[in-house]
Amino acid sequence: MGRVARVLVVEDDPTVARVLELALQRAGHEVALARDFLGGLEALGQDWDAIVLDLNLPGGFGLDLLRHLRQELKRTTPVLVLSGLKQERTVVEALQLGAQDYLTKPFSPQELVLRLERHVAAR
Amino acid sequence: MEALLWLLFAYQVFVLYYFAVLNFLYAFFALYGLGSVARYARELSELSLKDLLEREAYLPVSILVPTYNEEKTIAHSVRSFLSLHYPEFEVVVVADGPKDRTLEVLKEAFRLVPVEVVYRRVLPSKPVRGIYRSTLYPNLVVVDKENGGKADALNAGLNLARYPLFCSVDADSLLDAQALLRASRLFLEDEGVLAVGGTIRPLNGAEVRGGVVEAMRLPRGFLEKMQIVEYARAFFLGRAGWSALNALLIISGAFGVFRREEVLRIGGYRTDTVGEDMELVVRLHRRAREEGREYRIPYTPDPICYTEVPADWKTLRRQRNRWHRGLWEVLWFHRGMLFNPRYGRLGLLAMPYFFLFEGLGPVVEVLGYLLFPVFLLLGLTNLDFAALFLLLALGYGVLLSQLAVGMETLLLKRYPRLRDRLWLLFLSLLETLGYRQVLAFERFLATFQVWRKRGVWGEMQRKGLEPAQAEGRKEP
Amino acid sequence: MWRRGERLYALVVFGVVALEALALGVLVLSFTGRLLGLVGSGAVFQSLLQGLALTALALLVLSAYVLLYHAYTAWREVGEHKASTAWLDRFTEALFAGEPPPPPPWPAPALQALLSLREMLKGEFADTLTEWLRQGLPRWARVLKSRFASKAARLEALDALAQARLPEALPLVLPYLEHRDPVLRLAAARAGARLAQGEGVALLAEALRKAGLPRGALLEVLLLLEDRALPVVERFLVAGEEKERWAALEAIGRLRLHAFVPQVLDFLESPDPELKAAALRALYRLGYPPEGHEEAVLSALLAPEEFLRLHAVRLLPLLGGALARKGLWRALSDPSFYVRKAAAEGLRALDPELLEQAAAAHPDAYGRALAAQVLRGA
């Protein structure tokens with residue numbers, strides 16, 4: 001299938017976090033979780049093969065993490081945004097800030113994993 | 001001499017009846033308030049809240065933040081407002097001619113650039129020296145103006161605000177992430193809603209990380225702990241009760257959401273009073289009633305705002321002095337509503353209550369204490385009777401406070417430790433043994449200072465956040 | 001925001017307050033009697049002592065209740081949280097492995113876990129979860145049909161059905177749209193919007209018309225329906241009153257339902273300013289030029305209502321041509337600040353050179369200032 005990826009999941013909802021964790025682990029990847037904005041900020045300091053990013057986080061907005069990653073840390077880590085926000089302008093802003101993909105909730109875990117693997121392989 | 005004795009005796013009798021009526025009313029409010037909280041307990045589920053958030057079903061809000069000398073905490077506060085979960089909003093910070101580096105701190109922290117804006121100056125205010133926007137946050141606007149007081153700053157902010165709703169906050173208010181959504185959805189669902197008040201809880205002692213309250217903990221200071229009980233009583237028993245009667249006269253300046261056009265229409269905030277928050281609400285009621293419109297001004301317990309409460313006696317007394325003077329000023333401005341049936345429950349219930357029991361209450365209480373030795377000396381009082389009566393009065397006070405503490409136990413974000421719960425119940429007892437009397441005395445004094453100190457604020461000794469909290473917010 | 005138990009607490013409070021009121025009443029009576037010389041001071045003392053005793057008792061009972069409640073709920077919640085997490089794990093594992101779920105009956109935390117899973121997932125997994133959730137249907141149905149269930153329980157059941165998205169539950173939800181309590185009506189409307197499928201949507205539309213919901217709520221329901229909203233929108237436009245029509249027009253714009261453009265254009269001729277404005281807004285959101293209805297837009301430009309003029313101005317750039325330019329130019333001297341601003345922004349989009357001209361030479365001073373400001377991009 002592909003190599004083992006180190007994936008960071010930034011998500012505050014325990015259900016989604018658990019589903020993502022399981023889905024990614026079953027596909028053979030290593031998963032680390034951050035549950036809020038500050039946690040995500042800290043975790044960004046390490047190296048990841050891919051990041052799954054929620055937007056409505058306690059303590060901040062996910063797109064600010066993305067901005068920090070791309071503009072200040074200058075990393076090109078593939079980022080998949082997974083959010084309940086469906087407004088066009090949010091999607092556009094995320095893509096403009098450098099996210100590879102934007103998935104809305106409710107989501108399909110298989111689809112997410114496949115897309116993630118494709119972005120990781122494309123690096 | 002006979003007459004004087006008789007007068008004094010009559011006063012004793014009066015005090016007893018006053019006490020009886022007051023406590024009947026308190027009990028009535030407690031029940032009414034509790035009933036309304038129970039009724040609306042699960043009105044807005046997490047699910048519906050999520051739905052509202054994810055779709056375009058909301059009204060955009062302008063958050064007005066008047067600030068004076070707050071250089072230590074302003075950046076942190078503004079950042080916490082900017083990170084609220086709300087689809088569309090702006091933060092308008094109005095720097096009211098600060099004498100310290102508040103404006104400089106803002107400029108640095110948010111990379112502000114000056115802009116020339118043409119806007120509609122509906123409300124008069126002190127001159128605006130400059131308007132700034134942030135290159136980091138497109139929805140942040142900072143107004144620099146000459147000093148004119150909080151109400152004046154709010155009016156200036158209102159002129160600039162662009163959304164149909166506005167939310168007035170204190171610079172040190174910490175809003176729960178969902179507070180704005182919970183408060184503003186009422187405006188969407190009911191067009192008659194003119195203003196909404198939420199619950200204010202003391203922030204002191206809470207564990208705050210990244211602008212989010214993670215856990216409620218009792219603060220170390222005795223005064224701060226007392227205020228926790230006080231606020232619980234004031235909101236869950238007091239405001240809930242009045243709101244259920246549709247006669248809510250107070251929406252706290254620390255957190256309130258209003259329809260902008262309505263407030264502009266009635267002329268904005270009055271700048272010649274220290275009770276500008278209450279005055280606005282009373283005027284909103286008054287106008288709507290005079291125009292015979294269907295309207296609502298509710299308090300809902302769910303939107304929560306945390307605010308720092310005074311930790312030392314001096315600031316606390318100054319604050320209560322100011323509140324009480326504000327109350328009298330508002331009662332005076334709107335004295336035409338007192339006992340006036342044209343204003344329905346407001347004129348016949350709410351205003352008289354605030355006049356007789358909130359306004360005059362401290363006077364009656366302190367006079368009671370002061371006259372007590374006089375009565376004893378003159379043999380007008382039976383010591384046993386008086387002592388027992390005092391005990392009963394205090395007992396009722398404790399009961400009400402404990403009722404409020406019980407209500408707080410129902411909240412999901414309550415003080416979780418059982419030990420703290422015990423403390424709070426015990427504090428209800430201590431409250432009546434000194435704390436309340438000191439504040440009653442302060443309010444007693446305030447009653448006589450209203451004329452002299454018209455519209456005068458004091459300055460709060462800003463404690464700043466405790467070190468553990470201050471380091472929590474890092475910045476990308 | 002609140003845990004369960006408010007009913008019981010209200011009862012305790014009522015009891016305590018009633019006791020106190022009684023004690024106080026007796027005291028007042030005996031005191032009055034003493035004043036009038038009807039009773040001796042002994043009676044007053046006695047009632048005072050009784051009052052004190054009752055108060056002390058009330059305080060004890062209340063503190064004890066509060067402490068017990070706190071301890072009990074804290075303990076129970078820890079248990080529930082663990083159970084919930086455990087169930088979530090089991091269900092998720094079963095889901096991913098394609099295995100059947102752990103056998104029912106399932107306790108409340110299990111249903112909670114299932115519901116939050118259903119809320120988050122779509123596709124095959126969602127269908128499987130819906131199948132599993134059918135197990136919960138009897139319990140929720142019981143609550144909704146019961147005559148004695150508390151309001152909180154009903155709201156929870158409605159929410160659960162909304163999350164579960166079980167279309168067969170619609171007949172349970174629809175009667176609540178006629179409930180006395182507006183809170184329940186609203187919750188039912190939201191639940192119905194999530195549940196309704198196929199023919200159910202038409203039934204929902206009818207029930208909504210009779211529900212007497214405020215227009216903001218109706219809009220919310222339409223937005224919740226998303227791509228199933230068409231039949232409801234149609235029904236509202238044709239047979240609804242002002243509220244329904246307003247909500248329908250708003251939804252057409254926000255949901256981008258281009259199929260309804262002809263009806264929206266018709267509403268441009270509506271005598272009701274709110275509906276007219278809603279139609280203008282919808283066309284603006286759809287990005288559809290109101291060709292053939294220029295007169296209606298122009299008359300809106302001259303309307304006494306500020307919001308009408310504002311929306312007409314925002315729509316003008318879509319029309320393009322000399323008509324739009326003239327209209328925008330004139331609107332720069334509108335008495336309303338917002339209309340002028342919209343006109344300047346419209347000119348910037350349509351014809352920036354004309355905007356520059358306006359900044360230099362427009363007869364109205366405010367118009368010039370605003371044009372200049374918009375040009376600068378402030």
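Two residues are in contact here if their C-beta atoms, placed from the backbone, lie within 7 Å. With that in hand: among contacts in chain A between residues at least 6 apart in sequence, 58% link residues at least 24 apart.

Quick housekeeping. This is a predicted model, where local features need pLDDT of at least 70 and side-chain atom pairs count only at pLDDT 80 or more, while totals for chains, interfaces and linings use all residues. Residues are numbered from 1 along each chain as its sequence is written, and chains are lettered from A and ligands numbered from 1 in the order in which they are written.

Okay, chain A. We've got five helices and seven strands, counted as DSSP runs (H or I, at least four residues, for helices; E, at least two, for strands), numbered from the N terminus. Walk along the sequence and chain A reads β-α-β-α-β-β-β-α-β-α-β-α. Its C-alpha trace spans about 35 × 30 × 25 Å along the principal axes. And 43% of the 123 residues in chain A are buried, meaning 20 or more other C-beta atoms lie within 10 Å of the residue's own, again placed from the backbone.

UniProt, in an unreviewed entry, lists residues 6-120 of chain A as "domain: Response regulatory"; annotations like that may be inferred rather than shown by experiment. That span is 46% helix and 23% strand, and its end C-alpha atoms sit 10 Å apart.

Now, the partner. How many residues does each chain bring to the contact between chains A and C? Chain C gives 13 and chain A gives 12. On the chain C side, α2 (41-97), α3 (108-120) and α4 (124-133) each supply at least two residues.

Definitions and conventions. A residue is buried if 20 or more other C-beta atoms lie within 10 Å of its own, exposed if 12 or fewer, and partly exposed in between; C-beta atoms are placed from the backbone.
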